[in-house]
Amino acid sequence: MRRYDHPAQCVCPYPPDWRDLGAVRFLTDLVLLRLKDAVQMRDGEDADYIVGEDYTISLVVDGVEWGITVPAGLITDLTSVPALLRWYVGRVGPWLEAAIVHDYLYIAWQDVEGRKPLDRDRAFADLVMLRAMEAAKVGLVRRWLIYGAVRAFGGFGFVRRSRDRYVDLPDRLDTFTVPRD
């Protein structure tokens with residue numbers, strides 16, 4: 001498995017000059033992989049997961065449908081939640097799909113040549129997460145607490161450059177093995 005810093009095809013997911021976001025629809029299944037050797041490869045408290053297939057949502061941006069595709073191979077930690085708060089918001093739950101799209105939108109500016117981290121792109125990512133949680137029927141109080149937390153504390157995660165954001169996936173996942181170093 002090779003890690004790398006960009007998807008096979010770089011597409012800018014941020015709409016230009018957006019003002020309002022409407023409803024989100026989930027268009028494809030979310031496929032997550034956890035490799036059999038993931039626990040031995042982990043860097044932090046838990047192993048990373050990999051988006052196994054392109055994952056697409058659509059949302060209404062200023063009255064027009066806009067699609068976002070999270071590319072296969074994206075490395076994710078699922079929902080980033082401090083351990084003390086996991087009794088209320090776990091790493092998985094009805095907010096998971098929103099968190100995966102949010103993870104992608106927080107790093108995607110790095111995939112677009114010449115793009116820098118813009119405040120409006122971060123605001124877009126956070127609002128997409130809120131709208132996706134609404135679509136997933138996450139309770140009002142919980143979704144606003146999650147949204148408030150990413151608005152208050154997500155700034156560093158958004159502007160920080162991240163290497164090794166993706167892995168290459170084989171054509172057939174049943175043949176996927178991780179070489180030992």
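Analyst: Arg 165 is buried, because its relative accessible area is 6% (buried means under 20% relative accessible area, exposed over 50%, and partly exposed in between, with a 1.4 Å probe and protein chains only). This is a predicted model, in which local features need pLDDT of at least 70 and side-chain atom pairs count only at pLDDT 80 or more, while totals for chains, interfaces and linings use all residues. Residues are numbered from 1 along each chain as its sequence is written, and side-chain values use heavy atoms, with hydrogens and water left out.

The partner of Arg 165 is Asp 111: their side chains meet in a salt bridge, 2.7 Å from N to O (a side-chain nitrogen of Lys or Arg within 4 Å of a carboxyl oxygen of Asp or Glu). This pair links distant parts of the chain, with Arg 165 in the loop between α5 and β8 and Asp 111, 54 residues away, in the loop between α2 (96–107) and α3 (119–135). Helices here are DSSP runs of H or I with at least four residues, strands are runs of E with at least two, and both are numbered from the N terminus. Asp 111 also counts as buried, since its relative accessible area is 7%.

Asp 164 is partly exposed, because its relative accessibility is 26%. From C-alpha to C-alpha, Asp 164 lies 9.2 Å from Leu 74, although 90 residues separate the two in sequence.

Where does the pair stand among the other salt bridges? The structure holds 6 of them. Glu 65 and Arg 25 form one, at 2.8 Å from N to O. This pair too links distant parts of the chain: Glu 65 belongs to strand β6 (residues 64–70) and Arg 25 to strand β2 (residues 21–26), 40 residues apart. Arg 25 is partly exposed, given its relative accessibility of 46%. Another salt bridge joins Arg 115 to Asp 121, whose closest N and O atoms are 2.9 Å apart. Arg 115 counts as partly exposed because its relative accessibility is 23%, whereas Asp 121, at 2%, is buried.

Arg 122, Asp 126 and Arg 151 are linked in a network of salt bridges. Arg 122 lies in helix α3 and is buried, because its relative accessible area is 12%. Leaving aside residues up to four places away in sequence, Arg 122 touches Tyr 106, Val 150, Arg 151, Ala 152, Gly 154, Gly 155 and Phe 158 (contact means heavy atoms within 4.5 Å).

The nonpolar side chains come next. The largest nonpolar core has 40 residues, of which Leu 59, Ile 68, Leu 105, Phe 124 and Val 128 touch the most other members (such a core is a set of buried Ala, Val, Leu, Ile, Met, Phe, Trp, Tyr and Cys residues joined through side-chain atoms within 4.5 Å). At least two residues of this core come from each of β2, β4 (49–51), β5 (55–61), β6, α2, α3 and α4 (140–153). The element that gives the most is α2, with 9 residues. A second, separate core of 5 residues includes Leu 33, Ile 50, Ile 75 and Val 167.

Strands β5 and β6 run antiparallel and are joined by 7 bridges (two strands pair if DSSP finds at least two bridges between them). Opposite Val 60 stands Glu 65 in β6. The two strands form a hairpin with 2 residues between them, and Asp 62 in the turn has a positive phi of about 50°.

For the protein as a whole, there are 5 helices and 8 strands, in the order β-β-β-α-β-β-β-β-α-α-α-α-β from the N terminus on. Of its 181 residues, 43% count as buried. Among contacts between residues at least 6 apart in sequence, 73% join residues at least 24 apart.
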